[in-house]
Amino acid sequence: MERTPMDNKAPLDVIAASLRRHRVRAGLSLSEVAKRAGIAKSTLSQLESAAGNPSVETLWALAVALDTPFATLLDPPRPTIQIIRAGEGPVIYSESTEYSATLVASSPPNVRRDIYRIAASPGPGRHSEPHMPGVFEHVVLGTGRALVGPTDEPIELLPGDYVGYPGDIPHVFQALEEGTIATLISEHV
């Protein structure tokens with residue numbers, strides 16, 4: 001029996017999405033990635049369209065060109081979701097006044113952040129389509145109750161709770177009580 005390079009393979013659509021995601025995050029054109037990998041631009045275009053039949057050599061060359069581990073092209077990492085409940089996290093107290101600061105997320109190097117105050121009322125919620133690749137959102141609930149995070153797995157937050165989730169996947173903010181207010185920080189890597 002003749003084996004093709006992709007027998008017992010990761011689905012082509014997973015590889016296609018991984019190639020596109022890594023190329024866009026790197027800010028590279030199809031031409032530049034193809035040149036770096038030593039393959040034809042049309043080959044890369046076909047692979048990003050979930051067509052073609054990539055060999056292990058082609059995928060290795062693309063992983064090197066995109067400066068990403070080979071395995072992430074076949075089995076991309078799952079989104080990381082971080083939850084810190086009220087009363088959790090490292091706290092620093094003031095010596096002279098009733099004041100404390102709880103670190104919920106430190107800034108990685110070379111990151112741009114936008115900070116928003118969210119006021120919402122109960123209803124269907126704000127469903128957001130994926131933002132540009134590399135966006136990560138942080139939400140701290142001030143008052144009320146809300147479902148926040150990935151559309152398929154939102155987290156119920158109470159006052160003081162924090163959730164962090166990838167903003168480049170579908171996500172939701174749905175108030176469950178009147179007077180729901182939160183702080184949203186959107187990181188752009």
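Start by selecting Asp67, which is exposed (over 50% relative accessible area, with a 1.4 Å probe and protein chains only), at a relative accessible area of 73%. Asp67 sits in the loop between H4 and helix H5 (70-74); helices here are DSSP runs of H or I with at least four residues, strands are E runs of at least two, and both are numbered from the N terminus. Its phi is positive, about 55°, although Asp67 is not a glycine. Most residues other than glycine have a negative phi.

A word on what you are viewing: this is a predicted model, where local features need pLDDT of at least 70, side-chain atom pairs count only at pLDDT 80 or more, and totals for chains, interfaces and linings use all residues. Residues are numbered from 1 along each chain as its sequence is written, and side-chain values use heavy atoms, leaving out hydrogens and water.

Next, select Ala50, in the loop between helix H3 (41-48) and H4. Ala50 also has a positive phi, about 65°, without being a glycine.

Finish on strand E7 (residues 146-150), which pairs with E8 over 3 bridges. Select Ala146 to find its bridge partner in E8, Leu157.

Methods. Pairing = 2+ DSSP bridges. Buried < 20%, exposed > 50% of the residue type's maximum accessible area, 1.4 Å probe, protein only.
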